[in-house]
Amino acid sequence: MSETWWLAPAARADLEAHARLDVAAWMQPAAERTTLSTDRQSAAVRWDGEDPLLVKWRAPLPERRRRTFLRPSRERKEARALGRAAVLGIPTPTVLAVGERRRWGMLTGSVVIRRFDAAAQSAVDGARADRSVLLEVAAALRTWHDAGFRHGDCYPKNVLVGGAAGEPRPIGCPMATFDAPGPALDRARLRDLGQFTAGCSALEPWGDPFSFLMIYGEAPGLPDYEALVELITPFYERVMERKAERERTRPAREPDGPPQPAPLVVGAPPRVRARDIAVL
């Protein structure tokens, strides 16, 4: 068993004030740690204190570890995507560290750590109070796409708004890809827009879920509104069909509700290799 940590400059001492460089230690519950969200393999946790942190960890289920052999974790891929987006001039949260624990090349646990901005919120939460937030995100999304960034999981819940940074910024993007800058409507870009439309449709009562395209398409270089809707509709419908199928099969798959992720057990300190986050 060994771990590799990628650390931002001067972050090591700061992080070790909270927990040592040990993936399992960062997963443990405690009074000052508030769980924000979970799925069956991962959790997002706020570490409270004078300088709060957002810690996202993952412990792959044993039956899924084989597929992680020598492959980067979702946490490392997200940190890598955010770093590359920042180079393009896209506002992004600063990642402090990424850690991966492996056994025989297979991932057993991973963690990504960044500062927690208490004044920021997801675009979903912002839009519940003020629907114009989605229009602000639509304008930002156009600039991200024109810069070549493709989110890959482009729902309003995966965009931060407000807070110290002010501008919308992407999060939750381990599936991000990059293309040449410009207004070209490639498949990945249309998929992003289909996902964003699906996210808007879930915010009832929203009305026309495509209406954000009025702002997204305002700058020159794209087809008109009706043509954009026609191009995006198949991607939107595919997302909605998959969502409906998941809901239909959920009672059989999860009769007792979604299972909670199980953190790794803290044991003997792992063998750790520390590297600069720039080489993610």
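Reader: In which helix is Arg-242 found?

Author: Arg-242 is found in α8, where helices are DSSP runs of H or I with at least four residues, strands are runs of E with at least two, and both are numbered from the N terminus. The model is predicted, so local features need pLDDT of at least 70 and side-chain atom pairs pLDDT 80 or more, while totals for chains, interfaces and linings use all residues. Residues are numbered from 1 along each chain as its sequence is written, and side-chain values use heavy atoms, leaving out hydrogens and water.

Reader: Why does Arg-242 count as partly exposed?

Author: Buried means under 20% relative accessible area, exposed over 50%, and partly exposed in between (1.4 Å probe, protein chains only). Arg-242 has 43% relative accessibility, so it counts as partly exposed.

Reader: Why is His-151 called buried?

Author: Its relative accessible area is 0%, and therefore His-151 is buried. His-151 sits in the loop between β8 (149–150) and β9 (159–162).

Reader: What makes Leu-70 count as exposed?

Author: Leu-70 counts as exposed because its relative accessibility is 62%. This residue lies in the loop between β4 (53–58) and α3 (74–87).

Reader: Why does Trp-104 count as exposed?

Author: The relative accessibility of Trp-104 is 67%, so Trp-104 counts as exposed. Its place is the loop between β5 (95–103) and β6 (106–115). Trp-104 is not a glycine, yet has a positive phi of about 55 degrees.
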